[in-house]
Amino acid sequence: MKEIAIVGYQQSDCVSDAGSLNEVELIIPVLGRVFEQVGITNAQDVDFVCSGSCDYLQGAAFAFVLGVDALGAVPPIKESHVEMDAAWALYESILKIRMGHADSALIYGFGKSSPGELPIVLSQQLDPYYLAPQWVDTISLAAMQARMMLDQGLITERDMAEVVARSRRNALNNPHAQLKGDVTADDILAEETYLSPLRRSDCCPVSDGASAVVICTVEKAKAWGKPYAVISGIDHIIESHNPGMRDLTDSVSTRKAAENAGMGKGKVDVAELYAPFSHQELILSRALGLSEDTDINPSGGVLAGNLMMASGLSRIGEVFNRIVAGDAERGVAHTTSGPCLQHNLVAVLDKGEIA
């Protein structure tokens with residue numbers, strides 16, 4: 001089986017409102033930087049392109065096609081799209097390479113969430129017959145999940161506040177973060193309750209932007225002469241769409257995906273977890289069995305900035321950054337989709353040889 005490497009990753013700044021910029025204008029600068037990082041000119045220099053986005057954010061069918069304009073219309077390319085976070089576009093690209101249909105791929109994700117009401121838009125992920133018609137927003141579902149954990153004594157509000165405080169402090173070193181600052185758990189606990197038991201700081205912000213990754217075979221990475229990280233394992237598992245039919249205080253799918261990806265075969269130095277709410281980081285850390293020695297969300301995670309449909313890809317990119325920088329030899333990246341951690345993807349990255 002072909003070994004697959006990440007050779008490039010770039011992300012835009014997380015901004016609360018990109019203003020008049022459209023999706024193409026958000027994507028193009030990111031693609032330009034990742035092309036420069038890898039040493040290629042354009043999308044024609046890779047064998048396959050796959051993107052991730054959500055037409056519901058723009059409110060038009062096949063709206064993702066407009067994002068393809070960022071690649072250029074001529075000459076034609078082999079291109080695909082997933083209607084979800086671009087981490088799953090990366091998964092499709094890995095399959096493409098492993099099947100022998102490509103040696104390299106460009107993956108990008110983008111989202112402009114500010115024009116609408118994202119928590120309400122995401123209610124369309126719910127069961128279309130029983131739950132979606134009620135317009136139950138994501139924050140309300142997460143609040144219910146957090147309340148279950150608190151009532152069962154699995155976490156405390158201080159535990160949640162400490163997650164937020166660490167995220168804000170870590171984000172001080174992330175130039176793309178939207179929320180950052182030297183705050184303490186006491187500062188967070190002093191905030192008013194937003195939707196009990198959640199405070200606003202317990203919820204990820206709404207952000208506009210894009211991110212991009214280039215992957216290829218290890219042989220191709222060596223030929224390009226670029227530092228790389230090997231994707232040694234990846235898997236994704238989905239649970240019931242009915243929140244009442246699963247244990248919301250645990251993430252069984254994350255645990256199983258990590259096992260299938262081979263996470264337990266070695267020490268994990270760094271973990272980037274897609275936890276849109278503070279209590280969900282605690283669920284994921286326990287599901288993955290992360291030790292106190294693991295550096296969790298050194299970028300600040302999505303509590304510091306949430307590029308809808310791109311932040312999952314960014315979690316993989318952030319682990320790549322730390323491996324090629326020499327700060328870690330092995331890491332885990334996690335991505336989620338759906339209400340209350342319904343669908344989870346786990347990727348394991350290892351340090352590659354010197355290119």
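How many bridges join strand β4 (residues 104–112) to strand β7 (residues 208–217)? The legends below take this up, starting with the ground rules. This is a predicted model, where local features need pLDDT of at least 70, side-chain atom pairs count only at pLDDT 80 or more, and totals for chains, interfaces and linings use all residues. Residues are numbered from 1 along each chain as its sequence is written, and side-chain values use heavy atoms, leaving out hydrogens and water.

**View 1. The β4–β7 pair.** The answer is 9 bridges, and the two strands run antiparallel. Look for G109, which stands opposite S211 in β7. Helices (H or I, at least four residues) and strands (E, at least two) are DSSP runs, numbered from the N terminus.

**View 2. The whole sheet.** Here 10 strands form an open sheet with mixed pairing, in the order β3-β2-β4-β7-β1-β8-β12-β11-β9-β10. At its edges sit β3 (79–82) and β10 (295–296), each pairing on one side only. Two strands pair if DSSP finds at least two bridges between them.

**View 3. Strand β8 and its two partners.** Antiparallel strands β1 (residues 4–11) and β8 (residues 229–238) are joined by 2 bridges; A5 has V230 as its bridge partner in β8. Between β8 and β12 (residues 343–351), also antiparallel, there are 9 bridges, and A229 has K351 as its partner in β12.

**View 4. Helix α11.** Of the 11 residues in α11 (residues 278–288), 10 are buried (under 20% relative accessible area, with exposed over 50% and partly exposed in between; 1.4 Å probe, protein chains only). Among them are H279, E281 and L284. Just after the helix, G289 takes a positive phi of about 65°.
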